[in-house]
Amino acid sequence: MIEENISPPVSPTPRLDETSSSERTPRLRSIEELYEDIPDIISNDIDKVLLEAFQPLGIYDYNSIFWIAHPGGPTILDKIEEKLTLKPEKLRCIRKILSEYGNMSSACVLFSLDEMRKKSSQDGLKTTGEGLEWGVLLSFGPGLTIETIVLRSIVI
């Protein structure tokens, strides 16, 4: 019996000092880089998800709440903003974190919460949620789920 090795040839692993910093540090790609139709899919379903979450509170104007999200990428934010006719400042802190740190996966929401808290305090607002009482935390997960948490801000 003859066995044939069909595995690709293995190249020697480069030494650490032979690789660039970018080769040593893997970069998390955004959801939209992986699948170009994801922003449209998310924006098509976002209003249903928000209606289910905020209808019990009588909230239908999504410009009246603060926003925290695992962004997935700028196109997803653009599509959500367009679909819900959000004012650009609604996603400001999320965009800031995305531009400063890139896609950090789930950690984006923690950085965004901290950024919003600091900015609200600096601006002398009454709550940590841009002066608003209610907000939403969104995350996009496996099988393309939209995870939604209703947030209630605290007084500064």
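Reply: Helices (H or I, at least four residues) and strands (E, at least two) are DSSP runs, numbered from the N terminus. This is a predicted model: local features need pLDDT of at least 70, side-chain atom pairs count only at pLDDT 80 or more, and totals for chains, interfaces and linings use all residues. Residues are numbered from 1 along each chain as its sequence is written, and side-chain values use heavy atoms, with hydrogens and water left out.

Me: In what pattern do the helices and strands follow one another along the sequence?
Reply: The protein chain has six helices and three strands. Read along the sequence, they give α-α-α-β-α-α-α-β-β.

Me: What percentage of the residues is buried?
Reply: Buried means under 20% relative accessible area, exposed over 50%, and partly exposed in between (1.4 Å probe, protein chains only). The protein chain has 156 residues, and the buried part is 38%.

Me: Which residues does Leu-50 touch, beyond four places in sequence?
Reply: Leu-50 is one of the buried residues of H3. Contact means heavy atoms within 4.5 Å. Leaving out residues up to four places away, Leu-50 touches Gln-55, Tyr-62, Trp-67, Leu-84, Val-136 and Leu-138.

Me: At which residue does H3 bend?
Reply: The expected span of a helix is 1.5 Å times one less than its number of residues. For the 17 residues of H3 that is 24 Å, and the end C-alpha atoms are 24 Å apart, which agrees. The bend at a residue is the angle between axes fitted to the seven residues ending there and the seven starting there. In H3 this angle is about 40°, at Asp-45.

Me: Is Asn-63 buried or exposed?
Reply: Asn-63 sits in the loop between H3 and E1. Its contacts, leaving aside neighbours within four places, are Thr-85, Leu-86, Lys-87 and Lys-90. Its relative accessible area is 17%, so Asn-63 is buried.
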